[in-house]
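Subject: Handing over the structure

Hello,

Here is the structure I promised to pass on. Please open it first, then read my notes below.

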Amino acid sequence: MRKGLTKKQRFLNACNRLPVDKTPVWIMRQAGRFMSAYRKKRQAHSFIEMCKEPEIAAEVTLLPVQRLDVDAAIIFADILLPLEGMGVGFGFTTHDGPVIHNPIRTANQVNKLIIPQPEESLGYVLTAIKLVKQELGSDTPLIGFSGAPFTLASYLIEGGHSQNYLLTKTMMLNATDTWHALMDKLSKIVLLYLGSQIKAGADVVQLFDSWAGCLSPSDYEKYVMPYNRTILSGLKKYKVPVINFATNNAGLLELMSKSGGDVIGVDWRISLDKAWKQIGYNKAIQGNLDPAVLFASPSEIKKHVKSILKMAGRHNGHIFNLGHGVLPTTPEPNVKALVDFVHELSEK
Ligand code: CP3
């Protein structure tokens with residue numbers, strides 16, 4: 001086994017299914033509210049302000065690297081930021097999360113959506129990426145990300161978070177041409193955006209199709225997969241690893257694997273060994289601790305880590321993560337303990 005890799009070598013090796021000295025670990029939503037330093041910064045600024053001010057975004061991106069010893073940084077931003085350049089206004093409310101001011105529900109509205117140049121409409125994210133890269137140097141990798149077309153479409157159509165995605169699914173099934181026009185535009189936007197993040201310095205990118213797990217496999221295959229495929233194959237030319245993530249995706253793993261990406265992200269509703277078998281060992285896997293486990297005692301967390309590492313077995317290509325974002329009220333010391341357990345228990 002290879003000893004003493006940098007975090008970047010460890011992370012990229014895992015993405016490419018090469019041997020590592022220990023399992024790399026990072027945490028979805030690691031730059032967020034469970035950290036007291038984040039909450040402190042947040043008192044003086046709104047969330048959107050923090051995203052749009054590259055120096056603040058860069059500083060927040062670095063917090064978990066400095067305090068938790070994670071193996072990768074993820075740029076502090078949000079999947080909804082591209083909406084502004086598309087001509088769609090939105091905001092964040094304290095309790096209900098994101099709100100889209102004029103939800104997109106007609107063909108006419110879809111036609112009017114702009115395909116923005118990310119260098120113009122999202123220049124602040126790209127500047128933040130460059131600032132973070134200067135700080136990280138060549139030792140720690142930076143992950144860029146975007147929402148995937150389905151997940152973005154669900155926010156655009158529903159106007160916010162949704163229980164059943166009824167408006168989204170109804171457009172998909174009843175106004176299929178409008179659906180395809182919307183997904184086509186979104187996939188162009190996402191491909192441009194991820195490409196621009198890579199050009200700005202992102203070492204890896206993750207496609208968050210967070211809500212795709214609400215679909216039947218056949219609807220996913222017909223109405224969503226072609227667009228993810230376009231994005232994932234379009235990114236190949238940049239030669240950086242791509243993580244393809246969805247929650248609740250136990251029924252979609254084979255299709256997600258077929259749509260592409262180097263790493264498939266899975267949540268805790270399926271055991272990691274079963275998930276990897278379905279995905280195929282020709283791809284790396286990311287996951288999959290239940291975020292709620294971080295509210296248990298350190299000894300219980302340790303048991304869960306051991307069990308997941310055991311399920312990954314001797315295969316190369318496991319990136320440890322939660323199955324979904326870390327919850328805002330998670331005790332901070334437990335997150336640090338998790339990172340340390342992963343490193344300690346997986347050391348070769
Ligand atoms: O992972 C990271 O640390 C990077 C930053 C990041 C954020 N959002 C910051 C954020 C990432 C990768 C996201 C992705 C994101 N945003 C997703 C996909 C990931 C997932 O969880 O499935 C989604 C669906 C969103 C949309 C979004 N943004 C919601 C639903 C909310 C509010 C929900 C909540 O938790 O309150 C946000 C706000 C948001 N995005 C915050 C942060 C740190 C909280 C803002 C604050 O009040 O400080």
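Which residue in β4 does alanine 73 stand opposite? The answer is leucine 142. Before going further, please keep in mind that this is a predicted model.

Burial holds for both faces. Leu142, Gly144 and Ser146 point one way, Ile143, Phe145 and Gly147 point the other way, and all are buried.

β4 pairs with β1 (residues 73–74). The two run parallel and are joined by two bridges. β4 also pairs with β5 (residues 204–208). Here five bridges join the strands, and again they run parallel. Isoleucine 143 has valine 204 in β5 as its bridge partner.

**Strand β8 and its partners**

Next, look at β8, residues 284–289. This strand is mostly covered, with six of its six residues buried. Strand β7 (residues 263–265) pairs with β8 in the parallel sense, over three bridges. Isoleucine 264 has isoleucine 285 in β8 as its bridge partner.

Now take β9, residues 318–322. β8 and β9 pair in the parallel sense over five bridges. Glycine 287 stands opposite phenylalanine 320 in β9. Helix α16 spans residues 298–312, and β8, α16 and β9 make a right-handed β-α-β unit.

What do the buried residues of α17 pack against? They pack against α1 (7–15), α4 (54–68), β8, α16 and β9. The helix itself runs over residues 332–346 and has 15 residues. From first C-alpha to last, α17 reaches 22 Å, close to the 21 Å expected at 1.5 Å a residue. Its buried residues are Asn334, Val335, Ala337, Leu338, Val339, Phe341, Val342, His343 and Ser346.

The largest nonpolar core has 127 residues, and Trp179 and Leu338 touch the most other members. Helix α11 (residues 176–200) gives the most to this core, with ten residues. As a general point, nonpolar side chains tend to be buried together in soluble globular proteins.

Which residues does leucine 338 contact, leaving aside its neighbours within four places in sequence? They are Ile27, Leu289, Leu294, Ile301, Val305, Phe320 and Leu322. Phe320 is the residue that glycine 287 stands opposite.

**Salt bridges**

How many salt bridges does a search of the whole structure find? The count is twelve. In general, side chains of opposite charge can pair when their charged atoms come close. I picked out a few.

Aspartate 69 forms a salt bridge with lysine 7, and their closest N and O atoms are 2.8 Å apart. Aspartate 69 sits in the loop between α4 and β1, and lysine 7 sits in helix α1, so the pair ties together parts that are 62 residues apart in sequence. Aspartate 69 is partly exposed, at 31% relative accessible area. Lysine 7 is buried, at 16%.

Lysine 41 and glutamate 59 meet through their side chains in a salt bridge, 3.4 Å from N to O. This pair links distant parts of the chain: lysine 41 is in helix α2 (residues 36–44) and glutamate 59 is in helix α4, 18 residues apart. Lysine 41 is partly exposed, with a relative accessible area of 25%. Glutamate 59 is partly exposed as well, with 40%.

Lysine 133 and aspartate 203 meet in a salt bridge too, at 3.0 Å from N to O. Lysine 133 is in helix α8 (residues 123–136) and aspartate 203 is in the loop between α11 and β5, so the pair ties together parts that are 70 residues apart in sequence. Are these two residues buried or exposed? Lysine 133 is buried, with a relative accessible area of 18%. Aspartate 203 counts as buried, at 11%. Lys8 comes in here as well: Lys8, Lys133 and Asp203 are linked in a network of salt bridges.

Over to you.

Best wishes

Terms used. Residues numbered from 1 in each chain as written. Predicted model: local features only at pLDDT ≥ 70, side-chain atom pairs only at ≥ 80, totals over all residues. Heavy atoms only, no water. Buried < 20%, exposed > 50% of the residue type's maximum accessible area, 1.4 Å probe, protein only. Helix = DSSP H or I, 4+ residues; strand = E, 2+ residues; numbered from the N terminus. Pairing = 2+ DSSP bridges. Right-handed = clockwise from strand over helix to strand, strands pointing away. Expected span 1.5 Å × (residues − 1). Contact = heavy atoms within 4.5 Å. Core = buried A, V, L, I, M, F, W, Y, C linked by side-chain atoms within 4.5 Å. Salt bridge = Lys/Arg side-chain N within 4 Å of Asp/Glu carboxyl O.
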